[in-house]
Amino acid sequence: MYEGPVQELIDELAKLPGVGPRGAQRIAFHLLSVQPDDIDRLTRALTRVRNDVRYCDVCGNVSAELRCRICSDPRRDRSKVCVVEEAKDVQAVERTREFTGLYHVLGGALNPIKSISPEKLRIRDLLLRLGTAMDGVDVSEVIIATDPDTEGEATASYLVRMLKDFPGLTVTRPASGLPMGAELEFADELTLGRAMSGRRALSEPPRVLSEIPRARHEG
Ligand SMILES: [Zn+2]
C-alpha cells in the first residue's frame, strides 16, 4: 500500500479492463514522472468523455454530434446496414475498408444468463430504422456482424427470424473464417475484410407474385 493519492490512483487504474494491480502500479508511477501538461491533457480527455460523448441518434455509435461521422457522411451507402454488438466493432469493420455502408450498434448480444433479452438491445430501433427510408434511401441489405461466439450466433439467429419477412430486404452474415468464439474487434483486418466481402445471404427478400413462374399457377 502506498500513501494517499498514489494508492487512490492505483486503485482506480486497477479497475480498468486488462490493467490489473501490477499494471496499475506501473501506470501510476509513469504518471508521477510525466510533465504536468501531459496530466492536464489526460484529465481533460477524461472530463470530455464524461461530459461530451453522446451516441448517434441513427446508429448508436459513439459520437460528438447528433449524427456520428459515418451517418453524416454523404458518400456512405445508405442501402446497407451492418449490425454489430458494440461501438468498438464499428472501428474493427472500418479498419478493413471493405464496407462503405452504415452501421447499427445493438449495445450487446442476447445472453439469458446475464438476462440480456431482445428488449435490452437496440433491436426495436433497428426495425424502426428499416421501416423508414434514410435521406430518401431504403435499406436493401442488413449484414449481421455479431461476434462469432454463442451469444453472437444466438443474436444473429434472432435477428434473421425478425427480418426474414421484411419486404425487399436481404439479410447476410460475414463469411465463415472468423475464429469461432473470438470477438470481432480482435479479428485481424485481412480475415475480417475477407469475411465482409464474402458475406453470404441468410434470407432473400420474399419474391413478388409476378416473379413466380406462371406454370405454378396453371399446374
Ligand atoms: Zn451514426
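Which residues touch the most other members of the largest nonpolar core? Of its 22 residues, they are Cys71, Cys82, Val84, Val93, Phe99 and Tyr103.

## Basis of the model

This is a predicted model, in which local features need pLDDT of at least 70 and side-chain atom pairs count only at pLDDT 80 or more, while totals for chains, interfaces and linings use all residues. Residues are numbered from 1 along each chain as its sequence is written, and side-chain values use heavy atoms, with hydrogens and water left out.

## Nonpolar cores

A nonpolar core is a set of buried Ala, Val, Leu, Ile, Met, Phe, Trp, Tyr and Cys residues joined through side-chain atoms within 4.5 Å. Buried means under 20% relative accessible area, exposed over 50%, and partly exposed in between (1.4 Å probe, protein chains only).

In the largest core, Phe99 and Tyr103 are among the residues that touch the most other members. Two or more residues each come from strand S3 (77–84), helix H4 (87–96), strand S4 (101–105) and helix H7 (189–197). Helices (H or I, at least four residues) and strands (E, at least two) are DSSP runs, numbered from the N terminus. A second, separate core has 18 residues, including Leu106, Leu110, Leu126 and Ile144.

Leaving aside residues up to four places away in sequence, Tyr103 touches Cys59, Ile70, Arg76, Val81, Cys82, Val90, Val93, Glu94 and Arg129. Contact here means heavy atoms within 4.5 Å.

## Aromatic pairs

The whole structure holds 2 aromatic pairs. Rings of Phe, Tyr and Trp (its six-membered ring) pair if their centres lie within 6.5 Å; planes under 30 degrees apart count as stacked, over 60 as edge-to-face and the rest as tilted.

Tyr2 and Phe29 make an edge-to-face pair, at 5.2 Å centre to centre with 65° between the planes. This pair links distant parts of the chain, 27 residues apart: Tyr2 lies in the segment before helix H1 (4–14) and Phe29 in helix H2 (residues 20–33). Tyr2 counts as partly exposed because its relative accessibility is 35%, and Phe29 counts as partly exposed at 37%. The rings of Phe99 and Tyr103 are also edge-to-face, because their centres are 5.3 Å apart and their planes are at 70°. Both Phe99 and Tyr103 are buried.

Helix H6 (residues 150–163) has 14 residues and should span 20 Å at 1.5 Å a residue, which agrees with the 20 Å between its end C-alpha atoms. The expected span is 1.5 Å times one less than the number of residues. The buried residues of H6 are Gly152, Thr155, Ala156, Tyr158, Leu159, Val160 and Leu163.

Strand S6 (residues 170–173) contains Thr170, which counts as buried at 18% relative accessibility. Between Thr170 and Arg200, 30 residues apart along the chain, the C-alpha separation is 9.8 Å.
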